[in-house]
Amino acid sequence: MKLTVENITEEAPGIRALRLVAPDGAALPPYTPGAHVDITAPGGIVRQYSLCGDPADSGAYLVAIKLDPQSRGGSRALHGEVAVGSVLEVGAPRNLFALVPSAPEHLLFGAGIGITPLLSMAYALAADGARYTLHYFARSAEECAFAELLAREPFADRVRFHYAVPRDGLDALLDDCLAQGSNAAHVYTCGPAPFMDRVVARASIGRPADAIHLEHFKADPVAPNGEEHAFEVELASSGQLLAVPPGTSIVAVLAEAGIQIDTSCREGICGTCIVPVLEGEPDHRDHCLSKKEKAANDQICCCVSRSRTSRLVLDL
Ligand code: FES
C-alpha cells in the first residue's frame, strides 16, 4: 500500500509517531492487536514497526519510530526525510504477537519503545472489558512515549509506570507485578532483549511456556551454537537436493536455484520467509517463531535458520 503521512507527533526525545492514511481516505485492511507492518523508508530499507493505534480505527495506522543512533538508514530516514504529506510504502499487517483471547487475564510488560505493540493490545483489552495490567518501564517520565495517553481513560487505572528501575532491583519488581495477577494470566513482553529475558525468566516460574509471549524489536546477533555446518535441503515437490554451505542462507541457496522466497527483514524477525518443514530438525535462529512453534520443528525461517540434521525436507 502507498500511505500518506497525515500527522507526526514527537512523542518523546527521539521517538516520533506517524499517522498513516490511505490517500483517498479509504478504510485500511484490519489488523489484530500486536500486529506489525513493513515500512519502506526513503532509500529503500524495509523495517518492521508495530501498529500502536486502536485496532478498531480502520481509518489509519499509527506507528512510532525510535531514532536508532546505530541506524543503518531505516529510522534515520524516517526521522530526517519524512514529513506530513510524505507517501510511504507499507505492507499488509501481520501478527506474530497475538493476544490469547481465552486467557482469563493479561499482564503486559513493555520497556521503552517496546510499549508500541502493547498499546494496541491495551486498546483492544479495554474495549473488551478484559482483565489486564500494563507495566511500562522507562528511564524517566520524559522518555516515556504515549505517557499522556496512557494516563487517561480508559487506560489510567490499568497502567503502572516504573521509572529508572535499577538492574539489580528488576527481578524483585517483576515478581511483585506478576504476583498481583493470577497464575493463569498470560504474560506479554516487548522491549530490549535483556529486559525481556528477565520478564520471561520470572514469568516462567509457575507458568507454562505457552502463556508467555514476546516480540523482538530488532534482531540481536544470533549466536550459532558452535560452527556453521553444511547441510542439504530437499524440495518435497520435486525431490531436488540443494547444498547449503556454511555462511550461506537457505534463502540464498533457493534463489540461486531459481526459487524465490518472499523476504522482508532478512534478520529473522518478521516471519515473511517461513516455510513448512516436512522432515529434519531445524536449527532455529530466528526471533519470530514462539518457543512452542520452534519445538514443533515443522516450520523454518529460511533467512537465518539452519539445520541440526544433515537434510531438511521443505514443503516447496
Ligand atoms: S525475512 Fe524476515 S524472518 Fe526471514
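Me: Which domains does the domain assignment give for the protein?

Reply: Keep in mind that this is a predicted model. The assignment gives domain 1 as residues 2–90, domain 2 as 106–215 and domain 3 as 231–314.

Me: How far apart do the C-alpha centres of domain 1 and domain 2 lie, and how many residues does each bring to the contact?

Reply: Their C-alpha centres are 23 Å apart. Domain 1 gives 15 residues to the contact, and domain 2 gives 15 residues.

Me: What is the size of an interface often given as?

Reply: It is often given as the accessible area that is lost when the parts come together.

Me: How many helices and strands does the protein have?

Reply: There are seven helices and 18 strands.

Me: At what angle do helix H4 and helix H5 pack?

Reply: H4 (residues 170–179) and H5 (residues 193–203) pack at about 50°, and their axes are 10 Å apart. Angles of 65 to 115 degrees would count as roughly perpendicular and those under 35 as roughly parallel, so H4 is oblique to H5. Their crossing is right-handed.

Me: Which residues make the contact of H4 and H5?

Reply: H4 contributes Leu170, Asp171, Leu174, Asp175 and Leu178, while H5 contributes Arg198, Val199, Arg202 and Ala203. By class, the residues of this contact are five nonpolar, no polar and four charged.

Me: Where is there a cis peptide bond?

Reply: Look at the bond that joins Glu153 and Pro154, where omega is about 5°. Pro154 sits in the loop between helix H3 (147–150) and strand S9 (159–163).

Me: What is the phi of Ala164?

Reply: Phi is near 45° there, a positive value in a residue that is not glycine. Ala164 is in the loop between S9 and H4.

Me: What radius of gyration does the protein have?

Reply: The protein has 20 Å; a compact globule of 316 residues would be near 20 Å, so the two agree. The C-alpha trace spans about 60 × 50 × 35 Å along its principal axes.

Definitions and conventions. Residues are numbered from 1 along each chain as its sequence is written. This is a predicted model: local features need pLDDT of at least 70, side-chain atom pairs count only at pLDDT 80 or more; totals for chains, interfaces and linings use all residues. Axes are lines fitted to C-alpha atoms, for helices over the stretch in contact, and angles run from 0 to 180 degrees between N-to-C directions. Helices (H or I, at least four residues) and strands (E, at least two) are DSSP runs, numbered from the N terminus. Angles under 35 degrees count as roughly parallel, over 145 as roughly antiparallel, 65 to 115 as roughly perpendicular and the rest as oblique. A crossing is left-handed if the near helix is turned anticlockwise from the far one by less than a right angle, and right-handed if clockwise. Two residues are in contact if their C-beta atoms, placed from the backbone, lie within 7 Å. Ala, Val, Leu, Ile, Met, Phe, Trp, Tyr, Cys and Pro count as nonpolar, Asp, Glu, Lys and Arg as charged, and the others, Gly among them, as polar. Domain bounds come from an automatic or database domain assignment. The radius of gyration is taken over C-alpha atoms; the globule rule is 2.2 Å times the number of residues to the power 0.38.
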